[in-house]
Amino acid sequence: MVETARPALDDPVAVRPGIRLRGLRKVFGSVVAVDGIDLDIADGEFFAVLGPSGSGKTTVLRMIAGFETPTSGVVELNGADATRVPPFRRDVNTVFQDYALFPHMTVEENVAYGLRVRKVAKPERARRVAEALDMVRLPDLGRRRPGELSGGQRQRIALARALVNRPRVLLLDEPLGALDLKLREQMQVELKAIQRQVGITFVFVTHDQDEALTLCDRLAVMRDGRIEQVGPAAEVYERPATQFVAEFVGTSNVLAGAVAARVLGSDAPASVRPEKIRVFPRGNVPEPDAREVRVDGVVEEIVYAGAATRVVTDIGDGVLMAALVLNVEAGGVSFTRGQPVTLGWAGAATRRVETPPEKEIR
């Protein structure tokens, strides 16, 4: 398949949205699952919706797909109001975590199913099925049944079945969650390559922060049915808008109140990522840069993790700070528990974060 040119996403607002959500709300009984969100996803974008269990991310996906009807608000697809349009009339396909393959059908029959429903002619159907299987690099497995495939192969077949209909939007509901770590990392690379190749909009729902950061052009972080922050992966990671985003997307040290005032000169909540922090043995500390933050502490815990070691330091007032130190020397870092140390980081690495109010019960 010839690679499709993708729109420039440097300024997603300037690109015509493939998906536009306005005031989207969904209530199940007394539970507000999605609480009035506004979101634009550009045509051709790889977009991730990230959040913990119960944050509303899958409900948003199901409303885009048409499997759930919003309590209020609007779903637009490619400029048209699709809020009340049934799923089979939306130019959208979905890949689920359990893949939902028909066990009694062969791989070819599974992939061709949507084309048969649409009454695509047999020669065209065969050509498009072969093209889809080649795209997911499984051209020789058409005669097998799902039970004869590995987890990774089933995931690819589910992807081929969704793509063979050539939808404008592909929704992926934690499709890699059932795979082991190594295979999941491999499939992340392949998913990104396939999305570039076909050039359609991918909306990927996950609770895995690393997965979202690896795959997406932009992401939305959800909490309690609301969007906490939207932006490019690097921006959300490096400049978290709220304490929740700082702590949920990757790992972050958050200082607030009296400790923040002592260390940073202000009691406003602020975060600093562990990899931004340097650790020095007390008494062997270089002269500080005028823009560098320094704080003394005592090593509380040392966690060896192969490429790096996590050094957890007690900086007083019951506050622990984690630093990630690369293991450039054989055997890792030389710090020990109980050792007095000094932590230092560039002032620019400190990010002010907001602490949002608790969700109201309405």
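Reader: Let me start with a helix. Which residues of H3 are buried?

Author: This is a predicted model, and in it the buried residues of H3 are Arg125, Arg128, Val129, Ala132, Leu133 and Met135.

Reader: Where are they around the axis of H3?

Author: They sit on the same side of H3, because they cover an arc of only 155° around the axis. In general, an α-helix has 3.6 residues a turn, so residues three or four places apart point the same way.

Reader: What covers the buried residues of H3?

Author: The cover includes H2, H4 and H5.

Reader: And how far apart are the end C-alpha atoms of H3?

Author: They are 20 Å apart. H3 has 14 residues, which at 1.5 Å a residue should span 20 Å, so the two values agree.

Reader: What follows H3?

Author: Arg137 follows, and its phi is positive, near 60°.

Reader: Now H5. How many residues does H5 have, and how far does it reach?

Author: H5 has 18 residues and reaches 26 Å from the first C-alpha to the last. That is close to the 26 Å expected at 1.5 Å a residue.

Reader: Which residues of H5 are buried?

Author: They are Arg184, Met187, Gln188, Glu190, Leu191, Ile194, Gln195, Gln197 and Val198. Their cover includes E3, H3, H4, E7, E8 and helix H6, residues 209–215.

Reader: What about the residue just after H5?

Author: That is Gly199, which takes a positive phi of about 70°.

Reader: Strands next. In what order do the 6 strands of the open sheet come?

Author: The order is E6-E7-E8-E3-E9-E10, and the pairing is mixed. The edge strands are E6, residues 92–95, and E10, residues 226–232, each of which pairs on one side only. On average, neighbouring strands of this sheet are turned by 15° against each other, direction ignored.

Reader: Parallel or antiparallel: how do E7 and E8 run?

Author: They run parallel, and 5 bridges join E7, residues 169–173, to E8, residues 201–206. As one example of who faces whom, Asp173 stands opposite Val205 in E8.

Reader: Which strands does H4 lie across?

Author: H4, residues 151–163, lies across E6, E7 and E8 and runs at about 175° to E6. H5, residues 181–198, lies across E3, E7 and E8, at about 155° to E8.

Reader: How many residues does the largest nonpolar core have?

Author: The largest nonpolar core has 36 residues. Those with the most contacts inside it are Val111, Leu159, Leu170 and Phe202.

Reader: Which elements each supply at least two residues of this core?

Author: H2, H3, H4, E7, H5 and E8 do. H4 gives the most, with 6 residues.

Reader: What is Val111 in contact with, leaving aside its neighbours within four places in sequence?

Author: Val111 is in contact with Val129, Ala132, Leu133, Ile157, Ala160, Arg161 and Val164.

Reader: Changing topic to hairpins. How many residues lie between E1 and E2?

Author: There are 2 residues between them, and Gly29 in the turn has a positive phi of about 65°. E1, residues 17–28, and E2, residues 31–42, run antiparallel and are joined by 9 bridges. Leu24 has Ile37 in E2 as its bridge partner.

Reader: And the hairpin of E14 and E15, which residue takes a positive phi there?

Author: Gly306 does, near 80°, and that hairpin has 3 residues between the strands. E14 and E15 run antiparallel, with 6 bridges. E14 also pairs with E17 in the antiparallel sense, over 7 bridges, and Glu292 has Ala346 in E17 as its bridge partner.

Reader: Last one. Where is the place of Val303?

Author: Val303 is in strand E14, and Val303 stands opposite Arg310 in E15.

Reader: Why is Val303 called partly exposed?

Author: Its relative accessible area is 39%, and partly exposed covers what lies between under 20% for buried and over 50% for exposed. Leaving aside neighbours within four places in sequence, Val303 is in contact with Ala308, Thr309 and Arg310.

Note on methods:
Residues are numbered from 1 along each chain as its sequence is written. This is a predicted model: local features need pLDDT of at least 70, side-chain atom pairs count only at pLDDT 80 or more; totals for chains, interfaces and linings use all residues. Side-chain values use heavy atoms; hydrogens and water are left out. Two strands pair if DSSP finds at least two bridges between them. Helices (H or I, at least four residues) and strands (E, at least two) are DSSP runs, numbered from the N terminus. Axes are lines fitted to C-alpha atoms, for helices over the stretch in contact, and angles run from 0 to 180 degrees between N-to-C directions. Contact means heavy atoms within 4.5 Å. A nonpolar core is a set of buried Ala, Val, Leu, Ile, Met, Phe, Trp, Tyr and Cys residues joined through side-chain atoms within 4.5 Å. Buried means under 20% relative accessible area, exposed over 50%, partly exposed in between (1.4 Å probe, protein chains only). The expected span of a helix is 1.5 Å times one less than its number of residues. The arc is that of the directions from the helix axis to the C-beta atoms.
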